[in-house]
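Open the model in your viewer and keep the sequence panel in view. The stops below say what to select and what to look for there.

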Amino acid sequence: MLNLNIWRYLWSLLSFLKHFIKAHSTSLLLLLLGVFIPLEVFGELAEEVWENEGGFAWDVPILLAIRQQHNPQLDVFASMLTKLGVFWGVFPVATAIAINFFLRRQWRRFSYLIITLTGSIIINRTAKVLLHRVRPHLWESPSPEFDYGFPSGHAMSSMTLVAALVILTWGSRWEKPVLIVGSLFVLAIGWTRLYLGVHYPSDILAGWTASIAWATGVSLLFKLHLK
């Protein structure tokens with residue numbers, strides 16, 4: 001009799017879990033792919049930087065390989081393009097979109113965008129101060145930086161904006177253009193930071209993963225994925 005009751009409880013639990021997973025499959029998938037896995041990657045990178053100031057074995061070889069592309073014209077191009085990663089690109093675009101949401105009284109989207117972008121800045125500055133990773137000094141950069149390098153602020157700001165816009169446009173006619181153009185933009189900004197020699201590849205990867213996890217996590221709170 002006791003065994004029968006136990007099996008009934010177990011069957012009831014399994015039935016509940018089955019319906020719960022089916023009803024929340026999108027949220028659970030986003031939680032796994034958009035939050036858990038990126039956070040795991042960021043955590044592994046941050047732990048290694050914390051314990052070993054020398055960084056990763058693959059950082060320098062990648063930088064040196066990218067350095068082989070060096071020429072004066074590309075220096076100028078990369079120095080200009082990299083500015084789009086924050087003040088010349090991300091900031092004005094984000095501001096224009098936020099104003100549009102505000103004027104349209106789309107408060108959920110407005111709040112999501114502001115919280116996501118502001119939180120990304122706070123996360124970036126906090127991680128830089130806590131981990132205080134020195135930037136690479138393999139050659140004289142055409143566009144030097146002097147603060148800490150982990151994670152990359154340009155990588156985080158560009159990825160945060162793009163990730164937020166992908167989430168906001170998901171399921172609409174803007175979904176694919178935003179995803180394609182946004183991906184190219186994020187990769188281009190990441191390349192400029194490496195080409196200019198102001199970040200290690202692990203700084204870029206950390207910035208990307210932290211941004212994806214944060215933007216996705218906040219979207220789950222606002223339930224934007226349920227559109």
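**Whole chain**

Keep in mind throughout that this is a predicted model. Show the chain as a cartoon: it has nine helices and zero strands. Read from the N terminus, the order of elements is α-α-α-α-α-α-α-α-α. Now colour by burial. Of the 227 residues in the chain, 41% are buried. Among contacts with a separation of 6 or more, 78% are between residues 24 or more positions apart.

**Helix α8**

Select residues 175-195, which make up helix α8. The helix has 21 residues and spans 30 Å from its first C-alpha to its last, close to the 30 Å expected at 1.5 Å a residue. Which residues of α8 are buried? They are Val178, Gly182, Val186, Ile189, Gly190, Thr192, Arg193, Leu194 and Tyr195. Part of this list can be read against helix geometry. An α-helix has 3.6 residues a turn, so residues three or four places apart point the same way.

Then step past the end of the helix to glycine 197, which follows α8 and has a positive phi, near 75°.

**Salt bridges**

The structure has five salt bridges. One partner is aspartate 59, with a salt bridge of 3.0 Å, N to O. Arginine 133 is in the loop between α6 (107-131) and α7, while aspartate 59 is in helix α3, so this pair ties together parts 74 residues apart in sequence.

Return to α8 and select arginine 193 together with glutamate 145. Their side chains form a salt bridge of 3.1 Å, N to O. Because arginine 193 lies in helix α8 and glutamate 145 in the loop between α6 and α7, the pair ties together parts that are 48 residues apart in sequence. Arginine 193 counts as buried, at 1% relative accessibility, whereas glutamate 145 counts as partly exposed, at 27%.

In soluble globular proteins, nonpolar side chains tend to be buried together. Select Tyr112, Leu113, Leu161, Leu165, Leu168 and Trp208, which have the most contacts inside the largest nonpolar core, a set of 33 residues. The elements giving two or more residues to this core are α3, α5 (90-103), α6, α7, α8 and α9. Which element gives the most? That is α7, with ten residues.

For the second core, clear the selection and pick Leu45, Val49, Phe56 and Met156. They are among the ten residues of this separate core.

**Aromatic rings**

The whole structure holds seven aromatic pairs. For one of them, select phenylalanine 42 and phenylalanine 150: the rings are stacked, 6.0 Å centre to centre, with 25° between the planes. Phenylalanine 42 lies in helix α2 (residues 25-51) and phenylalanine 150 in the loop between α6 and α7, so the pair ties together parts 108 residues apart in sequence. Both phenylalanine 42 and phenylalanine 150 are buried.

For the last stop, select Phe77, Trp191 and Tyr195, which form one aromatic cluster. Tyr195 was also on the list of buried residues in α8.

Notes: Residues are numbered from 1 along each chain as its sequence is written. This is a predicted model: local features need pLDDT of at least 70, side-chain atom pairs count only at pLDDT 80 or more; totals for chains, interfaces and linings use all residues. Side-chain values use heavy atoms; hydrogens and water are left out. Helices (H or I, at least four residues) and strands (E, at least two) are DSSP runs, numbered from the N terminus. The expected span of a helix is 1.5 Å times one less than its number of residues. Buried means under 20% relative accessible area, exposed over 50%, partly exposed in between (1.4 Å probe, protein chains only). A salt bridge is a side-chain nitrogen of Lys or Arg within 4 Å of a carboxyl oxygen of Asp or Glu. A nonpolar core is a set of buried Ala, Val, Leu, Ile, Met, Phe, Trp, Tyr and Cys residues joined through side-chain atoms within 4.5 Å. Rings of Phe, Tyr and Trp (its six-membered ring) pair if their centres lie within 6.5 Å; planes under 30 degrees apart count as stacked, over 60 as edge-to-face and the rest as tilted. Contact means heavy atoms within 4.5 Å.
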